[in-house]
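Colleague: Could you take me through this model feature by feature, giving the general idea before the particular case?
Modeller: Gladly; please look at the structure first.

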Amino acid sequence: MTEFLLAVGAFVLATVALGLIRVLRGPADADRMMAPQLLGTGGIAALLLLGAATGMPGAIDVALTLTLLAAFASVAFVKGASEPAEPEPDEGGGG
Amino acid sequence: MSLLLDIFTVVAVSLGAVFFLAGAVGLLRFPDTLTRLHALTKADNVGLGLIVLGLLPQTERPLAAVKLIVAWLLVQLASGTVSQLIARTARRTEPPA
Amino acid sequence: MTFALAFDCGLAVLILAMAIWTIAARTTFPAVVGFVAYGLLLTLVWMRLAAPDVALTEAAIGGGLTGVLLLGATSRLRATEPPAVSERPSVPFRLAVAGLCTLLSAAIAAVVLLLPDPAPTLAPEAAAKLSLTGVGNAVTAVLLAYRALDTLLESAVLLLALVGVWSLAPDRFWGGAPRSLALRHRDGSLSLLGQVLPPIGIVLGVYIVWVGADAPGGKFQGATIIGAMWVLTMMAGLQTPPEISQAWVRVILVAGAAFFLAVGIAGFWLAGAFLAYPTGFAKSLIVAIEVALTLSVAATLGLLVAGPPARPVRT
Amino acid sequence: MTGATLFGLCAAVLVGLGLYGAIVHHLILRRIVAFNLLGAGAFLLFGVVARRGTGAGMGGDPVPQALVITGIVVAFSATALAVALLLRLHAVRAAEDADR
């Protein structure tokens, strides 16, 4: 079972690596941003498989941390893409 | 019983891995941003879901099983939101072909 | 064992590919995306190196906060970015630098291959005194007992960095709030994420600080998660960055380092040395310091992402 | 060849790559990214040394691991400061251009 889970982990990692070619090809920034998104999910899956295979303590906690932060980079990208690059005027904001 | 559970793990985890492969291939082969996004969400939702499902019988403590399910639910929430945001950005920045 | 080695080989190849892409990409945005992916992969490497504590820190900082910081800067500087080819240094110069860097890499690789065997280790020493500290996680014991001075200085460095960032504000904005992190158009799904995720994240952050005494985890790891959740609520437009001149902001920022320092100085009388813990109280003091530091570090990291003040003080 | 040695060699290449990027790139933001790449390689070397020093039932030597945790947090704060400096520099330049 250990070998099987490790092998699947390596396979998942290899497939998301395939997806990383999208970062290279683009064409739009949104396309490039999807690859880390897929890598994030694949990384979580690989981490869970690794944890189950080796019984390493904390693997699930690390995976949970990754899930919490999975959206971060993409949200930052969307914010950047939705705004002009000039220094902006002050805005009130919510809150 | 444990053999049955092991078989369940092997089947579910392998199926999950296939969905990851499908997601990655779709991300590479599909023609435009929105269809690629569609492929991506399959890996996020079903791929990870099946892997989590397959790993459930292998957990030793109930807390670990709960954490696995929470991890999947969080990915659902995050990936759903991010897909919405990316799709909206893609539509705003590039005119439809 | 062969499967494990195959896994490691694949991981190493991926990391190198992402690193080469990050350096070689023509424009900044794809390079930064490559760097975010690189940070995610490093988390897996730290797990393979049996360092779950480091993996937690890398997941929170490398995968999350650094990405937000660099992507934000990229989009704000995009308009000023010159065409990639115009500013490239000459080919001979690049070749010379490449030669130099190859030499450096070869030297480090040689050192790695020639590392002594069996490797020197402080693990037995760290384990021997572990019972005196009362904590079960050796990394936490190193951070807060054996090498507590490092950690105290680190919390001071974090504050210094924040003071440095703040001091870049134009005079008219001093004491005001940093620029809003929120999206220009309020987005329903992001608001939902900003409402649902932080409570779960804060629970997980507190859990990681708490188990850090005995299992992988600790204050930096937990604090980054909590800080990241604060940044998320600000990005979702549910909160605005606070004005930096407010007293409560300053108190939260210095609370951790101040408490740590107070315990350290009290050690002169109670245990005979700076930063020494009186016997029997080590674990409770370590946990108390961790709690205070968690709050301060989380606030500092969030404000570091928010940047210098960019609005005048509201009166 | 063990996993630790493999990642050690990987770290050696990362340090070289990061240094190359930090010298060759003209844009300051790219240099900051390259420098972070270099830093991650150096941390990885610490991790390899830690991994080799297994003992007392631990997966690795806790002392270098703790140093790396400190290092990652400090590297982040330094990066934040560098990015803030860079943004301010651009704002000042933009203001000067507008005056001219």
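Colleague: How far apart are the nearest C-alpha atoms of chain B and chain D?
Modeller: Two residues are in contact if their C-beta atoms, placed from the backbone, lie within 7 Å; by that test chain B and chain D do not touch, and their nearest C-alpha atoms are 21 Å apart. Before we go on, note that this is a predicted model, in which local features need pLDDT of at least 70 and side-chain atom pairs count only at pLDDT 80 or more, while totals for chains, interfaces and linings use all residues. Residues are numbered from 1 along each chain as its sequence is written, and chains are lettered from A and ligands numbered from 1 in the order in which they are written.

Colleague: Which chains share the most contacts?
Modeller: Chains C and D do, of the five pairs of chains in contact. There, 78 residues of chain C are in contact with 65 residues of chain D. Helices are DSSP runs of H or I with at least four residues, strands are runs of E with at least two, and both are numbered from the N terminus; among the helices of chain C that each supply at least two residues to the side touching chain D are α1 (2-24), α2 (28-48) and α12 (282-306), while α3(C) gives the most, with 13 residues.

Colleague: How does that side of chain C divide by class?
Modeller: Ala, Val, Leu, Ile, Met, Phe, Trp, Tyr, Cys and Pro count as nonpolar, Asp, Glu, Lys and Arg as charged, and the others, Gly among them, as polar. On this scheme, the side of chain C that touches chain D has 55 nonpolar, 12 polar and 11 charged residues.

Colleague: What should I take from the overall build of chain C?
Modeller: Chain C has 12 helices and zero strands, and its C-alpha atoms fill a box of roughly 65 × 65 × 35 Å along the principal axes. A residue is buried if 20 or more other C-beta atoms lie within 10 Å of its own, exposed if 12 or fewer, and partly exposed in between; buried residues make up 53% of the 315 residues in chain C. Among contacts in chain C between residues at least 6 apart in sequence, 74% join residues at least 24 apart.

Colleague: Into which domains is chain C divided?
Modeller: Domain bounds come from an automatic or database domain assignment, which here gives domain 1 (1-88) and domain 2 (126-315). The C-alpha centres of these two domains of chain C lie 25 Å apart, and the contact takes 10 residues from domain 1 and 13 residues from domain 2. On the domain 1 side, those residues are seven nonpolar, two polar and one charged.

Colleague: How many residues does the largest nonpolar core have?
Modeller: In soluble globular proteins, nonpolar side chains tend to be buried together. A nonpolar core is a set of buried Ala, Val, Leu, Ile, Met, Phe, Trp, Tyr and Cys residues joined through C-beta atoms within 7 Å; the largest has 211 residues, and those with the most contacts inside it are A:Leu47, A:Leu48, C:Ala37 and C:Leu41. This core draws at least three residues from each of domain 1 and domain 2 of chain C. Leaving aside neighbours within four places in sequence, A:Leu47 is in contact with residues including A:Ala59, A:Leu66, C:Leu44 and C:Met47.

Colleague: Where does helix α11 of chain C bend?
Modeller: The bend at a residue is the angle between axes fitted to the seven residues ending there and the seven starting there; helix α11 (residues 247-270) of chain C bends by about 45° at C:Ala255. In α11(C), C:Leu253, C:Gly256, C:Ala257, C:Phe260 and C:Val263 are buried, and what covers the buried residues of α11(C) includes α8 and α12 of chain C. After α11(C) comes C:Gly272, whose phi is positive, near 90°.

Colleague: What is the phi of C:Ala50?
Modeller: Most residues other than glycine have a negative phi. The phi of C:Ala50 is near 60°, a positive value in a residue other than glycine. C:Ala50 sits in the loop between α2 and α3 of chain C, and C:Ala50 is buried, with 21 other C-beta atoms within 10 Å.
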